[in-house]
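I open the notebook and look at one structure today.

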Amino acid sequence: MTVQILPERFKTEDQRALVADLGAVLERAPLFVPRMPRSGKPFSVRMTNCGPLGWVSDIDGYRYQPHHPETGAPWPEIPQRLLDLWHEVAGVPVGPEACLVNLYGPGTKLGLHQDRDERTFEAPVVSVSLGDTAVFRIGGTTRKAATRSMRLASGDVIVFGGDDRLAYHGIDRILSGSSSLLPEGGRINLTLRRVTPF
Ligand code: MD5
Ligand code: FE
C-alpha cells in the first residue's frame, strides 16, 4: 500500500488555522496563473508556493525556482504546522523543499499527469485538501492503466509514496458549495515535496 489516506487529518479548527497561515503566505507571494509550456495557454488553477523552491510553469517549461515569477521575491517559509505534518507522515529524514499551493474555483480541472519535475522520487508527495470536495482520479504509472476515482474533502491528507509517487492523477471536478471553510468558496490543495536528492 503506497497511497496512504488520512481522512480529516485536520479537524475544523486546524483547517481554519491553516487557512490563516496561508493568508500570510498569499500576502507575500500572490497567486499567479501558470501557463502551458510552448502554447502559453493558461491553466484554470491559480497557484503560488512557499518553501526554498517553488514550482512554476510558463511558455518556457515547468521548473522549480527559488523566487516568485512575477514579484521576483523569494518564496515565504513553509508554515510550521505543515512541516510538522511532513515529519509525522513522510518517513524521510529530511524536510520538504517545496509547498505548492493550488487554488481551484468551481470549473477548475487538472488533467491526468505525472509529477516528475523533481530530481528525486525517494520522498513521498504529501497533499492536504481544504475547502470544497474534489473528485480526484488516480491511475497507474502508464497513461493507459486503469484509473479509479475518489473524493478528497476538506482536512484530508494523502501521502503518495513508493510506486504511487509516479502514478498518473488529476482533478475531474470540484463540488461547489460542499464546504464553508473558504469565504469565497473553492478548493485549496497544498502539496509538500522534496525536489533535490538527499
Ligand atoms: C491536487 N495536485 O489535488 C493535486 C494533489 C499537482 C497535483 O496533482 O501536481 O499540483 S497532489 C497529487 C499527487 C501527487 C503525486 C503523486 C500522486 C498524486 N499520485 O501518485 O496520484 O491539487
Ligand atoms: Fe500532480
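Predicted model: local features only at pLDDT ≥ 70, side-chain atom pairs only at ≥ 80, totals over all residues.

Entry 1: I looked up Cys99 and found it at 0% relative accessibility, so Cys99 counts as buried. Buried means under 20% relative accessible area, exposed means over 50%, and partly exposed is in between (1.4 Å probe, protein chains only). Residues are numbered from 1 along each chain as its sequence is written, chains are lettered from A and ligands numbered from 1 in the order written, and side-chain values use heavy atoms, without hydrogens and water.

How many disulfides does the rule give? I counted zero. A disulfide is a covalent bond between the sulfur atoms of two cysteines. The rule asks for a pair of cysteine sulfur atoms within 2.5 Å. Cys50 is in no disulfide, and its nearest cysteine sulfur, that of Cys99, is 3.8 Å away. Cys50 is at 0% relative accessibility too, so it counts as buried.

**Entry 2: aromatic pairs.** I found four aromatic pairs. Rings of Phe, Tyr and Trp (its six-membered ring) pair if their centres lie within 6.5 Å; planes under 30 degrees apart are stacked, over 60 edge-to-face, and the rest tilted. Phe32 and Trp75 make a tilted pair, at 6.4 Å centre to centre and 35° between the planes. Phe32 sits in the loop between helix H1 (12-28) and strand E2 (46-50), and Trp75 in the loop between strand E4 (61-65) and helix H2 (80-89), so this pair ties together parts 43 residues apart in sequence. Helices (H or I, at least four residues) and strands (E, at least two) are DSSP runs, numbered from the N terminus. Phe32 and Trp75 are both buried.

Next I checked Phe136 and Phe160. They form a tilted pair, with 5.8 Å between centres and 50° between the planes. Phe136 is in strand E8 (residues 134-138) and Phe160 in strand E10 (residues 157-160), so the pair ties together parts 24 residues apart in sequence. Both Phe136 and Phe160 are buried. I also noted a cluster: ring pairs link Phe43, Trp55 and Tyr62.

**Entry 3: charges over rings.** My rule was NZ of Lys or CZ of Arg within 6 Å of the ring centre and within 35 degrees of the ring normal. Arg9 lies over the face of Phe10, 4.9 Å from the ring centre. Arg187 lies over the face of Tyr104, 5.1 Å from the ring centre.

**Entry 4: the cores.** A nonpolar core is a set of buried Ala, Val, Leu, Ile, Met, Phe, Trp, Tyr and Cys residues joined through side-chain atoms within 4.5 Å. Which members of the largest one touch the most others? I found Val126, Val128 and Leu190, out of 28 residues. H2 gives the most to this core, with four residues. Another core, of 27 residues, lies apart from it and includes Val45 and Ile171.

I then listed contacts (heavy atoms within 4.5 Å). Leaving aside neighbours within four places in sequence, Val128 touches residues including Phe10, Leu82, Leu85 and Leu190.

**Entry 5: helix H2.** Leu82, Leu85, Trp86 and Val89 are buried in H2. They cover an arc of only 100° around the axis, so they lie on the same side of H2. The arc is that of the directions from the helix axis to the C-beta atoms. On the other side, Gln80 and Glu88 are exposed. After H2 comes Gly91, with a positive phi near 70°.
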